[in-house]
Amino acid sequence: MEIKPATMHAANAYDSFADDKKEELPPVDIEPFGDEQGTEVKYRVMKWWQCGMLMIADNISLGILSLPSAVATLGVVPAVLILLGFSVISWYTGFIIGQFKLRYPQTHSMGDAGAIIMGRFGRELLGLGQLLSCVFSMASHLLTFSLLMNELTDHAICTIAFTVVGLVLSFLGALPRTMDKVFWISLTSFASIFIATLVTMIATGVQRPARAHIEIITDTTFDKAFLAVTDIIIAYVAHATFFGFISEMENPRDFPKSLVMLQVVDTSMYVVSAVVIYCSVGPGVSSPALSSAGPVMKKVAYGLAIPTVVFAGVIVGHVACKYIYVRLFRGSPHMHNNGLLSVGAWVGIALGLWTIAWIIAESIPVFNDILGFMSALFGSSFSYGFPAIFWLFMNKGNFFGSPRTAALTIINLAILAMACAICGLGLYVSGKSIHKNSKTSSWTCANNAA
C-alpha cells in the first residue's frame with residue numbers, strides 16, 4: 001500500500017479544518033514515535049503474536065464474567081447468535097482500524113484519527129472519548145477487585161479500603177513505559193482468567209441441580225434484555241486501544257494476524273463458558289459468573305482471577321497513559337529517554353488516571369451497570385460507529401464504484417446505524433439501572449459481593 005498519497009490526503013484534511021497554528025496538531029507525515037534508531041527507549045518492538053496476546057488479555061477479562069447472566073436473560077439461542085454476530089462485526093471493524101493505520105501511519109490514537117477526519121475538533125472529541133473509555137474500564141477493574149476481595153475475605157474490611165488496595169496495585173503495574181514489557185503481564189492475565197473460568201465451569205457442572213431449568217428463548221422486559229445485550233457487546237469492545245497496540249508493533253502490516261488470533265480465542269471462550277455455566281446453574285446464575293461456583297469453589301475461582309482483574313486493567317490503563325504521554329512529548333527527545341522529566345511525567349500521569357478511575361468505581365459500584373454504561377457510550381462508538389466512519393472516509397467518492405464497494409458501503413452504513421441505536425438505547429437502560437442502584441450503594445463500606 002502506498003503511504004505517500006495517504007499522508008498527502010491526511011495533510012489536506014488537516015489543512016481544511018485547522019487554523020494557522022498547525023504545530024498544535026499531531027504531525028501528519030511521521031510515525032507517532034518517530035525515528036527510534038539509536039534511542040534509549042524503543043517502542044516499536046512488538047511481534048504480531050505479542051500484540052495478539054495483549055489484545056486477548058485486554059478483551060477476555062471482565063466481559064466474560066457477565067456473559068452467563070446475559071444468556072440467562074436472553075435464552076441460549078438468542079444469546080449465542082448475538083455473541084457470534086458481534087464477533088463477526090467486531091472482527092470486520094477491527095480490520096478497518098488496521099487499514100486506517102496503514103493508510104495514515106501517524107495515527108496513534110482515536111484522537112489522531114479524529115484529527116485526520118475533522119481537524120482539531122475531531123482530535124479533541126475522539127481523544128477525550130478514548131481516554132474516558134479507558135478510564136471507565138480501569139474503574140470496572142477496581143470495582144471487580146473489591147468484589148473479589150470481599151468474596152475471598154468474607155468482607156473482612158470496608159469495601160472502599162479494598163478499592164484503594166486495587167488502586168495501589170494497578171498503579172504499580174502501570175509503571176513500565178513500553179508495550180513489550182506489558183506483554184508479559186498479559187500472559188499472566190490470560191492464564192489467570194482461563195484457569196478461573198475453567199474451574200468455574202467444572203465446579204458448576206459438578207454441582208448442577210438434577211433439574212436445572214434451561215430457557216432456549218426467554219420472556220423478559222426490554223430493559224433487561226437490552227442491558228444483557230450490552231453485557232455481550234462489552235466483551236468485544238477493546239477497539240479503542242487498537243491504534244495504540246498497532247503503533248508499537250514492529251510491522252503494523254501483521255496486525256490482521258493479531259486480529260485473527262484475538263477473535264478465534266475470545267469467541268470460542270465466550271460461547272463455551274457462557275453456555276456451559278448457564279446450563280449448569282440455570283436462571284439464578286450470578287454476575288460476575290465466578291460467584292456461581294459454590295461457597296468454597298467460588299473463593300478458589302476468585303483467587304485464581306486476581307491477576308486478570310488487576311493486570312487486564314493495567315493494560316487498558318497503559319493505553320490511556322500512553323495517549324497523554326504521546327500528546328505531551330510527541331517529537332520531543334523526552335519520548336525516548338529515561339530522564340527525570342520523562343519518568344516523572346509517566347508516573348504522574350499513571351497516578352492521576354488511576355485515582356480518577358477509583359472515584360468512578362466508588363460512584364457507580366454495581367458491576368453490570370458500569371459494564372452496560374461503558375458498552376453503550378464507548379463500545380458502540382469506538383468498536384462499531386467510528387470504524388464505519390473511517391471506512392466511509394477512506395472510500396469517499398467511490399461508494400458505488402463497483403458491486404463490492406457498493407455492498408461494503410451499505411454494510412458500513414448499517415453498522416453506523418446499529419452503533420447509534422446501541423448508544424441511545426443502551427444509555428437509556430443503563431442510566432435507569434444506575435439511578436436505581438446508586439442511591440444506596442455509592443461510597444459505602446457495604447459488602448458489594450453480598
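**Group meeting: helix packing, a pocket and a cavity**

Let's start with a helix pair. In H2, Trp48, Trp49, Cys51, Gly52, Met53, Met55, Ile56 and Asn59 meet Phe255, Lys257, Ser258, Leu259, Met261, Leu262, Val265, Asp266 and Tyr270 of H10. Contact here means heavy atoms within 4.5 Å. By class, that contact has twelve nonpolar, three polar and two charged residues. Nonpolar covers Ala, Val, Leu, Ile, Met, Phe, Trp, Tyr, Cys and Pro; charged covers Asp, Glu, Lys and Arg; the others, Gly among them, count as polar.

A word on the source. This is a predicted model, where local features need pLDDT of at least 70 and side-chain atom pairs count only at pLDDT 80 or more, while totals for chains, interfaces and linings use all residues. Residues are numbered from 1 along each chain as its sequence is written, and side-chain values use heavy atoms, with hydrogens and water left out.

Back to the pair. H2 spans residues 48-59 and H10 spans residues 255-281; their axes come within 8 Å and cross at roughly 35°. Axes are lines fitted to C-alpha atoms, for helices over the stretch in contact, with angles from 0 to 180 degrees between N-to-C directions. The H2 and H10 crossing is right-handed: the near helix is turned clockwise from the far one by less than a right angle.

Now the whole chain. How many helices and strands does it have? There are 14 helices and zero strands. Both are DSSP runs, numbered from the N terminus: helices are H or I, at least four residues, and strands are E, at least two. Of 450 residues, 57% count as buried, meaning under 20% relative accessible area with a 1.4 Å probe, protein chains only. Among contacts with a separation of 6 or more, 86% join residues 24 or more positions apart.

Next, the second largest pocket. It holds about 240 Å³ of space. There are 13 lining residues, and Gln99, Trp391, Asn395, Arg404 and Leu408 are the closest to its centre. A pocket is an open set of points on a 1 Å grid over the protein atoms alone, with protein on both sides within 12 Å along at least five of seven lines; lining residues have an atom within 4 Å of a point. Volume is the space filled by probe spheres set on the points, which are joined across faces, edges and corners. H4 (76-103), H13 (367-394) and H14 (403-441) each supply at least two lining residues. H4 gives the largest share, five.

Last, cavities, where a 1.4 Å probe fits but cannot get out. The search finds four of 30 Å³ or more.

Note on methods:
Buried < 20%, exposed > 50% of the residue type's maximum accessible area, 1.4 Å probe, protein only.
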